[in-house]
Amino acid sequence: EVTRRTLQIKQREEETALKLVSVTSFRDEETGAHVRRIGLYAAAMAKALQWEEAAIDDIRIAAPMHDIGKIGIPDQVLLKAGRLTDAEFDIMKRHTQIGAKMLENSNISSFDMAAKIAMSHHERWDGTGYPQGLVGESIPVAARITTIVDVDDALVHERVYKLALSEEETIAMMLAQRGKHFDPSLLDLFIELLPVMRRIRGQVQEIGDLIVR
């Protein structure tokens, strides 16, 4: 009975998270399939790291909310077709803090993790990221995982502003940023898990407005 109730609670948390994320999808290019894959990729990495089951569930729910703060970015910046000016990019950077503020202090473990991911998913291993310029392991591990899986999924899928890259091209680009943008050990783990990631990618696709899983 406890197990059943716990599962029901996690399912409600996941549904709530995806509903929240769907609000931002009306305003930018992110698709429902993309955010669902992000959660599954992140959970696969957490499982490989031998996290406890509850923490694996948390990151599966939390990772899709990484960009939820974009709801607070003005359309003229968020939807701009061309390159952002420095001033516009400073505005765009605020989505990390907006997202963290939206999600923090919820008393729900997955949302607490999501707040940390929202704040730190644009930090870089070498300290050149934003908003805090965190370095290495001072970046929350859930955010480091989300950064890797988000970049990979964005690169291998076509968007309105870019063509899809092959997996080989994507991995080559990411390896060039090993120890710079990405946690080197986590990137190595991600590459080891590529067969799992390919399976997730194949199972969660979007046809029109329908997510196929």
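This is a predicted model: local features need pLDDT of at least 70, side-chain atom pairs count only at pLDDT 80 or more; totals for chains, interfaces and linings use all residues.
Local features here need pLDDT of at least 70, side-chain atom pairs count only at pLDDT 80 or more, and totals for chains, interfaces and linings use all residues. Residues are numbered from 1 along each chain as its sequence is written, and side-chain values use heavy atoms, with hydrogens and water left out.

Me: Which residues is methionine 65 in contact with, leaving aside its neighbours within four places in sequence?
Reply: Met65 is among the residues with the most contacts inside the largest core. Contact means heavy atoms within 4.5 Å. With those neighbours left aside, the partners of methionine 65 are Ala17, Leu20, Val21, Leu103, Ser110, Phe111, Ala114 and Ala118.

Me: What is the volume of the largest cavity?
Reply: On a 1 Å grid over the protein atoms alone, a cavity is a set of points where a 1.4 Å probe fits but cannot get out. Grid points are joined across faces, edges and corners, and a volume is the space filled by probe spheres set on the points. Searching the whole structure gives three cavities of 30 Å³ or more. For the largest cavity, the volume is about 70 Å³.

Me: How many nonpolar, polar and charged residues line the largest cavity?
Reply: Lining residues have an atom within 4 Å of a point, and here they include Trp125, Arg144, His181 and Asp183. Helix α8 gives the most to this lining, with four residues. Ala, Val, Leu, Ile, Met, Phe, Trp, Tyr, Cys and Pro count as nonpolar, Asp, Glu, Lys and Arg as charged, and the others, Gly among them, as polar. By class, the lining has five nonpolar, three polar and four charged residues.

Me: Which two residues form an aromatic pair?
Reply: Rings of Phe, Tyr and Trp (its six-membered ring) pair if their centres lie within 6.5 Å, and planes under 30 degrees apart count as stacked, over 60 as edge-to-face and the rest as tilted. The search of the whole structure finds one pair. With 5.8 Å centre to centre and 85 degrees between the planes, the edge-to-face pair is phenylalanine 89 and tyrosine 130. They are 41 residues apart, in helix α5 (residues 86-93) and in the loop between α7 and α8: phenylalanine 89 and tyrosine 130.

Me: Is tyrosine 130 buried or exposed?
Reply: Buried means under 20% relative accessible area, exposed over 50%, and partly exposed in between (1.4 Å probe, protein chains only). Tyrosine 130 has 13% relative accessibility, so it counts as buried.

Me: Which residue does a cis peptide bond join to tyrosine 130?
Reply: The residue lies in the loop between α7 and α8. Omega of the bond is about 10 degrees, and the residue joined to tyrosine 130 is proline 131.

Conventions
A nonpolar core is a set of buried Ala, Val, Leu, Ile, Met, Phe, Trp, Tyr and Cys residues joined through side-chain atoms within 4.5 Å. On a 1 Å grid over the protein atoms alone, a cavity is a set of points where a 1.4 Å probe fits but cannot get out, and a pocket is an open set with protein on both sides within 12 Å along at least five of seven lines; lining residues have an atom within 4 Å of a point. Helices (H or I, at least four residues) and strands (E, at least two) are DSSP runs, numbered from the N terminus.
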